[in-house]
Amino acid sequence: MPAQTNLFRCLTDNYGVLLHDPASGATASIDAPEAGPVEQVLAATGWRLTDILVTHHHGDHTAGIPELKHKHKCRVVAPRKEAQRIPLVDETVGEGDTVRVGSLAGRVIDTPGHTLGHISYFLPAEKLAFVGDTLFSIGCGRVIEGNPEMMWTSLVKLRGLPDDTRFYCGHEYTAANIRFAKTIEPNNKALAARAQQVEKLVAAHQPTIPATIGAEKAENPFLRADVAEVAQAVGLAGSPAWKVFAEIRERKNKY
Ligand SMILES: [Zn+2]
């Protein structure tokens, strides 16, 4: 039975998402920005919370853990490299580890840069990825603890997932990201088409995620730092991709 997901807003612009395994009844919350919205979805779906899979230590991804753990006695899985900064961790994981949610299996991918221990979860059989604040739709997370080369390497790993992988990220930033992306690639037709789709979704108060890896490869400038036209657009033709990435990230920081 395929996995089910339920996406919902938390805090101001965070997303919460629950991953449900109909075969076993297990349900994981990917991060826990706050407990209230998670409880509402559990009540509406009748799902039972068995696990919390944490991507990184930031408070807007972990603040709901104590309340949810206290109530549901769920297992908290967190990145090994920053587990000491995350409350009530039961199990620590890193690159290549497998995390099971009922009968569902996710592979852990180290994706440092936004934070040093940031991880993503990829479920190959479901073609689903949970990427926290590493990759956003048409954007990427700020490089807060790591450096641009590290972040670029992490993004390349996520870019290497199958094109039809649907990924869930931690925030709804797509419309703003598209405005910026157009300053880098004003003639990117796939990006222009995506902009129209996103405009309609936003007008209808619908989420713009999940997006697919395949679409992002064509439209997200942060995944395209090794495309010659993109390097040229930021005045860095012939430079290593991570330097092009660093320049795009810097421009976005100031945008
Ligand atoms: Zn974060």
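Guide: Here is a walk through the pocket and the cavities. Please keep in mind that this is a predicted model.

Let us begin with the largest pocket, which holds about 220 Å³ of space. Its lining is made up of 16 residues, and those nearest the centre are Cys140, Arg142, Tyr173, Arg249 and Lys252. Three elements, β12 (139-140), α5 (174-184) and α9 (241-254), each bring at least two residues to this lining. The greatest contribution comes from α9, with three residues. Sorted by class, the lining of this pocket has six nonpolar, six polar and four charged residues.

Now to the cavities: there are two of 30 Å³ or more. To display its lining, select Tyr15, Val17, Ile30, Asp31, Thr55, His61, Phe130, Val131, Gly132, Tyr168, Cys169 and Gly170. Seven of these lining residues are nonpolar, four are polar and one is charged.

The second largest cavity has about 40 Å³. Around this space you will find Leu19, Leu53, Val99, Val101, Leu104, Ala105, Gly106, Tyr121 and Leu123. Here β7 (98-101), β8 (104-110) and β9 (119-123) each provide at least two lining residues, and β8 has the largest share, with three. By class, the lining of the second largest cavity comprises eight nonpolar residues, one polar residue and no charged ones.

Methods. Residues numbered from 1 in each chain as written. Predicted model: local features only at pLDDT ≥ 70, side-chain atom pairs only at ≥ 80, totals over all residues. Heavy atoms only, no water. 1 Å grid on protein atoms, 1.4 Å probe; cavity = no way out; pocket = protein on both sides within 12 Å on 5 of 7 lines; lining within 4 Å. Points joined across faces, edges and corners; volume = space filled by probe spheres on them. Helix = DSSP H or I, 4+ residues; strand = E, 2+ residues; numbered from the N terminus. Nonpolar A, V, L, I, M, F, W, Y, C, P; charged D, E, K, R; others polar.
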